[in-house]
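Colleague: Could you take me through this structure? I would like to go over a few local features in turn.

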Amino acid sequence: MITKTVGTLPAVPSDVRAQIFAAPRTAEAHRDLLSTLPAMNAVQVGGVASSAVLPASFSVAAWNVERCLFPQETAEHLSDISPQVVLLSEVDHGMARTAQRHTTEEMATALGMTYAFGVEFHELDLGGPTERHFCTDDFNALGWHGNAILSAVPFERVCMIRLDDHGHWFAADSGAADPDQPRVGGRMALAAVVPTDAGPLCVVSTHLESNASAPHRHAQFERLLDQIDAFAPGMPVLIGGDLNTGNHLPPNFDWKDETLFDLGRDRDYSWDFTAEGPTTRPSLITPHPDRVMKLDWLAGHGISPLATGVLSSLSKDEKPLSDHDCVWTRLQMKA
């Protein structure tokens, strides 16, 4: 669990990048690399909150924004549900494909929110083939890609929870390394405690592994729940994000075959915070335009859902802002 917070994430020096490229593609080498990158061992916080405390009932959105190509439009698109907390996956910071922008910071500014951003991956190249069309440069200024939490109220505390450190996309023996997207890092979660009129709530933005099996995601989710218990013992919790349910489960990619749902129920989490229906669609980037899946979820503990929904990622002019739709809930804190 990483609890250090910073205002700025330092860039990776050229000599360290050279060490990364020269390192053997093993889990042991990857763990050593992670320890040498300060930006991957801290949470960046910034922005300005618009309120001091949340009401006992409010809305939360969880959205994989697929790099966040359009941060201003993406923020404006959320106005239909007016969330007070936004849980984001796949946000870029200093990547050529998103014009070197800090997409989390831009969304937070547009929404009048504070933010926490954590690095999932340090991207060593410009991204997959379908992303390079959007690159404004032939280099990444920082190469950060990760998860974020936006909030209308200040965070009482935040932490990052790394769900693996073996280099799933780096180590050759993982069977998942992608030559089109070389990277250091691994799936992770951000957790934050926010104040409400009915007491504190722990909100969690997470992203489980796509290029893996159901047992792998089960282990990641179990680690996540254990770390949440350590970070916010006895506190109500809302988890949201892209759980990649059904990925690598052919032939039907059926989310019902995932064991993490029963794991959550066994730990007193309810999945009733998630509306029915698929959450993916063709986008400007996705290489799987015909695959319709349910990947995105909200799960709560010690709170109640008042309403749920799925917000289409199609903008008013029918442009897909992401290959994922946004899932949202209106929750009720318990007295």
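Modeller: Ser210 is placed in the loop between E10 and H5. Please keep in mind that this is a predicted model.

Colleague: Is Ser210 buried or exposed?

Modeller: Ser210 counts as buried, because its relative accessibility is 18% and the term applies under 20%.

Colleague: Which residues is Ser210 in contact with, leaving aside neighbours within four places in sequence?

Modeller: Those contacts are Trp169, Arg187, Arg217, Asn244, Asn247 and His248. Ser210 also belongs to the lining of the largest pocket, where it is one of the residues nearest the centre, with Arg67, Pro287, His288 and Asp323.

Colleague: How many residues line the largest pocket, and what is its volume?

Modeller: The lining comprises 36 residues, and the volume is about 770 Å³. The elements that contribute two or more residues to this lining are E3 and E5.

Colleague: Which element gives the most to that lining?

Modeller: E3 does, with three residues.

Colleague: Let us turn to the sheet. What is the order of the strands in the one that holds E7?

Modeller: The order is E7-E9-E10-E11-E12, an open sheet of five strands with mixed pairing. E7 and strand E12 (296-301) each have a single partner strand and stand at the edges, so one side of each has no neighbour in the sheet. From one strand to the next, the twist averages 15°.

Colleague: Which helix packs on the sheet?

Modeller: Helix H5, residues 214-231, packs on it and touches E7, E9, E10 and strand E11 (237-242). The direction of H5 makes about 155° with that of E7.

Colleague: How many bridges are there between E7 and E9, and in which sense do they pair?

Modeller: There are six bridges between E7 and strand E9 (residues 188-194), and the pairing is antiparallel. Within it, Val158 stands opposite Ala192 of E9.

Colleague: What about E9 and E10?

Modeller: E9 and strand E10 (residues 201-207) run antiparallel as well, joined by six bridges. There, Leu190 is opposite Ser205 in E10.

Colleague: How many residues of E7 are buried?

Modeller: Five of the six residues in E7 (residues 157-162) are buried, which leaves the strand mostly covered.

Colleague: Now helix H4. Which of its residues are buried?

Modeller: In H4, residues 103-111, the buried ones are Thr103, Thr104, Met107 and Ala108. They lie on the same side of H4, because they cover an arc of only 135° around the axis.

Colleague: What do the buried residues of H4 pack against?

Modeller: Their partners are strand E3 (57-67), helix H3 (71-77), strand E4 (85-93), strand E5 (114-123) and strand E6 (144-151).

Colleague: Which residue follows H4?

Modeller: Gly112 follows H4 and has a positive phi, near 65°.

Colleague: Which residues other than glycine have a positive phi?

Modeller: Among them are Glu90, with phi near 60°, and Asp268, with phi of about 70°.

Colleague: Where do Glu90 and Asp268 lie?

Modeller: Glu90 is in strand E4, whereas Asp268 is in the loop between helix H6 (260-266) and E12.

Colleague: And is each of them buried or exposed?

Modeller: Glu90 is buried, because its relative accessible area is 11% and the limit for that term is under 20%. Asp268, by contrast, is exposed, because its relative accessible area is 52% and exposed means over 50%.

How values were computed: Residues are numbered from 1 along each chain as its sequence is written. This is a predicted model: local features need pLDDT of at least 70, side-chain atom pairs count only at pLDDT 80 or more; totals for chains, interfaces and linings use all residues. Side-chain values use heavy atoms; hydrogens and water are left out. Buried means under 20% relative accessible area, exposed over 50%, partly exposed in between (1.4 Å probe, protein chains only). Helices (H or I, at least four residues) and strands (E, at least two) are DSSP runs, numbered from the N terminus. Two strands pair if DSSP finds at least two bridges between them. Axes are lines fitted to C-alpha atoms, for helices over the stretch in contact, and angles run from 0 to 180 degrees between N-to-C directions. Contact means heavy atoms within 4.5 Å. The arc is that of the directions from the helix axis to the C-beta atoms. On a 1 Å grid over the protein atoms alone, a cavity is a set of points where a 1.4 Å probe fits but cannot get out, and a pocket is an open set with protein on both sides within 12 Å along at least five of seven lines; lining residues have an atom within 4 Å of a point. Grid points are joined across faces, edges and corners, and a volume is the space filled by probe spheres set on the points.
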